[in-house]
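User: I would like to go through this protein in questions and answers. Please start with the terms we need.

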Amino acid sequence: MESDTLSAHSRSFPDPAPLPVAAAISPVLVVDLDGTLLASDMLHETFWSAVGRDWTIPVRAGLALLRGKAALKRVLAAAAAVDVTLLPYDPGVIAEIAAWRDGGGRVVLVTASDQALAEAIAAHLGLFDETHGSDGAQNLKGPVKAAFLNARFGAGCYAYMGDSAADLEVWRHAARAITVNAPADLRRRAEALGVETAHLVTRPRTPGPYLRALRPHQWLKNLLVFMPMLAAHDLSAGTVAASLLAFLGFSLIASSVYVINDLIDLDADRAHPRKRRRPFASGAVPIARGGALGLGLIAAGALAALALGPTFAAVMLGYLVVTFAYSFVLKRRAIIDICVLAGLYTIRIIAGGAATGIELSVWLLAFSMFFFLSLAAVKRQAELIDTLRRGQEIARGRGYRVEDLPLVGAMSVAAGYVSVLVMALYVNAAEVVELYPHPAALWGICAVLLYWLSRTALITHRGEMHDDPVIFAARDRVSRICGLVILSFALVASGRLV
């Protein structure tokens with residue numbers, strides 16, 4: 001945990017000693033939930049959980065909002081399936097609550113989140129003497145929360161721990177104001193209220209998690225947009241520039257999909273030993289900003305797509321529609337999800353052709369479909385092996401059971417070998433002679449692919465595969481060597497290395 005600091009305008013205390021918010025100041029400590037106890041926001045948690053279960057939720061949510069935010073929260077809480085045991089609770093805040101209780105004080109959870117969610121969280125943590133939330137009619141926030149607390153405990157008879165500007169009205173009536181990870185401006189405004197103020201900092205504010213949320217390492221897949229250019233041996237300035245712009249546009253759109261997908265998969269990611277560290281799942285990036293981030297990336301990608309013309313823009317729109325369909329529905333459909341993943345890889349090649357105006361070879365499309373079907377099956381096989389190791393029978397958020405492992409593994413090997421067969425048939429095709437002065441060197445590529453696919457199948461079977469085989473290949477030394485050997489054979493075949 002990062003070093004915590006609690007100051008009454010200047011004081012600081014080293015971690016891990018408890019921060020001195022002694023119960024002697026006030027017998028009651030009131031704790032906010034969203035952004036304070038929880039490094040997340042239950043309104044957004046329930047929205048994305050509900051959307052992942054029912055894509056019509058935005059319409060229902062909009063109708064509920066006409067009756068007020070409390071009604072909206074009640075509808076979303078009922079439609080969502082949030083596992084409160086997996087939420088990103090702030091250990092620094094929990095330590096403060098424990099210290100207060102050890103000092104003989106009472107602790108109360110008062111939140112604008114729906115009452116049902118607040119009670120579920122309180123029951124899980126076992127830290128609170130009382131729990132109060134919005135009731136579907138009244139939104140317990142800002143002045144409404146201040147009036148409730150003054151009526152229940154008396155003005156100046158409670159300490160309040162919060163994190164947002166909406167809490168200023170509550171701090172105004174509290175005996176003590178405790179800010180949690182608040183920006184400097186909010187700290188100054190809290191101190192200006194004239195009440196004793198303390199500041200708790202449990203996590204740093206850095207841009208790193210936002211960058212990780214874009215998954216820039218996944219942009220490796222977008223290098224496929226260069227395939228039509230390379231396969232056609234067209235390295236003219238205009239073609240290279242168009243391919244680079246296509247790569248940029250595809251990367252922005254792909255990152256928007258990763259962001260939305262991570263928001264929908266919050267529960268599944270938090271239940272996973274590695275994925276739980278993702279920025280949204282861990283609370284490193286507020287999910288309240290996820291939707292805006294995703295839309296911003298889509299807008300930027302759309303500008304790049306439109307600059308390349310209507311054909312490329314149409315391909316990008318198709319990619320976006322299919323990926324959202326995958327995120328919301330298709331990823332839970334066995335076999336269909338693998339086929340869609342393979343298709344999404346191939347769409348990148350189609351996009352490269354659309355951006356440059358290069359006509360795609362049927363051989364390239366056939367090879368890519370089978371090759372990427374193999375990699376998609378490897379991805380699911382690796383997830384199922386991980387599921388088996390964790391003692392579970394069903395892959396969470398997927399349409400597979402652990403007994404499907406042999407079939408998924410067989411699909412991976414079969415599709416991979418068929419892709420090599422397509423490559424071998426291509427070597428003997430008439431058009432190869434026109435493109436390559438030494439086409440026999442292409443047989444070397446077939447041999448290396450057979451080795452790499454077989455090794456990948458073995459590594460996956462042993463449970464040593466990364467969640468994504470493309471990322472595994474980028475990090476694996478043997479895979480990188482295989483890539484260099486394949487490149488060497490391609491250069492020999494084209495006459496550039498002899």
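Analyst: Contact means heavy atoms within 4.5 Å. This is a predicted model: local features need pLDDT of at least 70, side-chain atom pairs count only at pLDDT 80 or more, and totals for chains, interfaces and linings use all residues. Residues are numbered from 1 along each chain as its sequence is written, and side-chain values use heavy atoms, with hydrogens and water left out.

User: Among contacts between residues at least 6 apart in sequence, what percentage join residues at least 24 apart?

Analyst: The protein has 498 residues. Its C-alpha atoms fill a box of roughly 90 × 50 × 45 Å along the principal axes. Among contacts between residues at least 6 apart in sequence, the share that joins residues at least 24 apart is 66%.

User: How many helices and strands does the secondary structure come to?

Analyst: Both are DSSP runs, numbered from the N terminus: helices are H or I with at least four residues, strands E with at least two. By that count, the protein has 22 helices and 6 strands.

User: What percentage of the residues is buried?

Analyst: Buried means under 20% relative accessible area, exposed over 50%, partly exposed in between (1.4 Å probe, protein chains only). Of the 498 residues, the buried share is 52%.

User: Which residues touch the most other members of the largest nonpolar core?

Analyst: A nonpolar core joins buried Ala, Val, Leu, Ile, Met, Phe, Trp, Tyr and Cys residues through side-chain atoms within 4.5 Å. The largest one holds 52 residues. Beyond four places in sequence, Val31 is in contact with residues including Thr36, Val93, Ile97, Val107 and Met161. The members that touch the most others are Val31, Leu37 and Phe128.

User: How many residues are in the other core that lies apart from it?

Analyst: Phe250, Ala354, Ile358 and Leu384 are among its members. The total is 38 residues.

User: Which elements give two or more residues to the lining of the largest cavity?

Analyst: A cavity is a set of points on a 1 Å grid over the protein atoms alone where a 1.4 Å probe fits but cannot get out; lining residues have an atom within 4 Å of a point. The search finds 2 cavities of 30 Å³ or more. Lining residues of the largest include Ser374, Val378, Tyr417, Leu453 and Ala457. The elements are helix H17 (362-389), helix H18 (405-427) and helix H20 (442-461).

User: Which element gives the largest share of the lining of the second largest cavity?

Analyst: Met42, Leu43, Thr46, Lys73, Ser113, Asp114 and Leu117 line this cavity. Helix H1 (42-53) and strand S2 (106-114) each give two or more residues. With 3 residues, the largest share comes from H1.

User: Is Thr323 buried or exposed?

Analyst: Thr323 sits in helix H15 (residues 310-328). A polar atom of its side chain lies 2.8 Å from the backbone oxygen of Leu320. Beyond four places in sequence, Thr323 is in contact with Val257 and Leu344. Its relative accessible area is 3%, so Thr323 is buried.

User: How far apart in space are Ala440 and Ala493?

Analyst: Ala440 is in the loop between helix H19 (430-435) and H20. Ala440 is exposed, because its relative accessible area is 58%. Ala440 and Ala493 are 53 residues apart in sequence. C-alpha to C-alpha, their separation is 7.0 Å.

Technical notes:
On a 1 Å grid over the protein atoms alone, a cavity is a set of points where a 1.4 Å probe fits but cannot get out, and a pocket is an open set with protein on both sides within 12 Å along at least five of seven lines; lining residues have an atom within 4 Å of a point. Grid points are joined across faces, edges and corners, and a volume is the space filled by probe spheres set on the points. A polar contact is a pair of N or O atoms within 3.5 Å; within protein, one must be able to donate a hydrogen and the other to accept it, and residues adjacent in sequence count only if both atoms are side-chain atoms.
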